Amino acid sequence: MKEKVHEILESDLLESYLMGATNDVETLQAEQFISMYPEVREAYDELQENLETFANLHSVQPPEGLKDKIMARIRKETKGTGKFLKYSAAASLALLLSAAASYFLWNQNQDLHKANAIVNKKVDTLQEDLREQLEDVRNQFIVLQNPETKKYEVKGNKKAKELKAVAYVNPVKRLSYINVSKLPHLPEDQSYRMWAEVNGKMVNLGIIEEADQKLLALPYSDDNELGYITVEPKGGNQSPTPENIVANIAY
Amino acid sequence: MSTLLEKHIVELLRERNEKAISLLYEHYGATLLGVANKVTRDENLAQDVLQESFVKIWKKSHTYDASKAKLFTWLFRITRNTAIDKLRSVKTKSGKEIQIDVSDVYNLGVNSTKPELIDVHENLGRIESKYQIVLDALFFQGMTQQEASDELDIPLGTIKSRLKIGLRELKKIYSMAILLTLPLNLIHLVIS
């Protein structure tokens, strides 16, 4: 221990620490030695005394007015900085938080914009669908309720005796509908198709499913022949195969 | 410097009472200006340093720990480091190398010295210059003992011993000077 103390006192750690010339590690070291070894504490206290003595010998009378300048600066510091520092720290924090919040909200806003666009598009589509469906239902209602509307039974020919359907035709409104109520069973690779004459051409109106039970709109035609149902291969043909006609839709 | 006054000042500092700075200035201002003067060797610069030091003392007052240093030691550290920083910044601005010439360290004007310390100042001459140079290099020039050894071209061991002897001599002179500045009747009292 004696050796350690000797080593410390021989080094200029204490003097450097006294001057405030030590780095963080050296400062900790010096403070530890001072609290650990009474001899080191004693040496340090003596150095402090000597420093004050030596410095006193070199004191210089300050000029008039220097104290006022210093006191003015301290007052400015107290008024401004104390509160200013607190407020500026708070303001910095607030700014940081608001920046983070802004970024978060901006991101959220972008997402909401995107979601909103999607929803709007969906609403538009639904509206259009609904409008079409409503128009359809309205027409169906008009046709079915109209006294001018005539009901025609559609029957299958020899190839599909069980086929049953009802056609509704209103020559005044020039509207026609068909409701297929029964279809004979078909092999898997075949399907029923409905055809109608539009501008002198036979047009494919689509596959009729068994037990569809839907009122389907048919393009109106003046010449009593609205169209017919055929049996076609599943893939479908561009034009009907007349040999495969199973029912004529006529009034 | 009485410990009682020190305690009072520290208390005022803690309470953020401006009176603390006023008292510090009254009791340590001249000494700290001397420190700034020694380091910068420029009266105007030293006054700037003293102003900045007091602002720092005010701002850092919560960091003062009486168990780690005497009040003066703490004030000295702040002032000295402020002066060294100031000197460096001036050096960088002017681009000129400021010579630290240890041989003229006691060209301090006697008139600017605290009147009650004039005797001491005159007595400083009694300390052999070889000790004064070492004390000055270590306390004011910011040198470590090794640096002083290199700068002054004196072996490290000699630096150490001159520092010890110099301080001892200083103490003797200072205690004598205190007696000399005391009123005569008080000295009689002390002696009897």
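From the N terminus on, the elements of chain A follow the order α-α-α-α-α-β-β-β-β-β-β-β-β, that is, five helices and eight strands. Helices (H or I, at least four residues) and strands (E, at least two) are DSSP runs numbered from the N terminus. The model is predicted: local features need pLDDT of at least 70 and side-chain atom pairs count only at pLDDT 80 or more, whereas totals for chains, interfaces and linings use all residues. Residues are numbered from 1 along each chain as its sequence is written, and chains are lettered from A and ligands numbered from 1 in the order in which they are written.

Of the 251 residues in chain A, 23% are buried; a residue is buried if 20 or more other C-beta atoms, placed from the backbone, lie within 10 Å of its own. Among the contacts in chain A with a separation of 6 or more, 52% join residues 24 or more positions apart. Two residues are in contact if their C-beta atoms, placed from the backbone, lie within 7 Å.

Chain A contains an open, antiparallel sheet of four strands in the order β5-β4-β7-β8. Strands pair if DSSP finds at least two bridges between them. The edge strands of this sheet, each pairing on one side only, are β5 (201-208) and β8 (245-250) of chain A. From one strand to the next, the twist averages 25°. Within the sheet, β4 (residues 190-198) and β7 (residues 225-233) of chain A are joined in the antiparallel sense by seven bridges, and A:Ala196 lies opposite A:Gly227 in β7(A).

In chain B, the axes of helix α1 (residues 3-14) and helix α2 (residues 19-40) come within 8 Å and cross at roughly 145°. Axes are lines fitted to C-alpha atoms, for helices over the stretch in contact, with angles from 0 to 180 degrees between N-to-C directions. The crossing of α1(B) and α2(B) is left-handed, the near helix being turned anticlockwise from the far one by less than a right angle. In this contact, B:Leu5, B:Ile9, B:Leu12 and B:Leu13 of α1(B) meet B:Lys19, B:Ala20, B:Leu23, B:Leu24 and B:His27 of α2(B). Seven of the contact residues are nonpolar, one is polar and one is charged. Ala, Val, Leu, Ile, Met, Phe, Trp, Tyr, Cys and Pro count as nonpolar, Asp, Glu, Lys and Arg as charged, and the others, Gly among them, as polar.

The contact between the chains takes 47 residues from chain B and 32 residues from chain A. On the side of chain B that touches chain A, α2(B) gives the most, with eleven residues.

Definitions and conventions:
A residue is buried if 20 or more other C-beta atoms lie within 10 Å of its own, exposed if 12 or fewer, and partly exposed in between; C-beta atoms are placed from the backbone.
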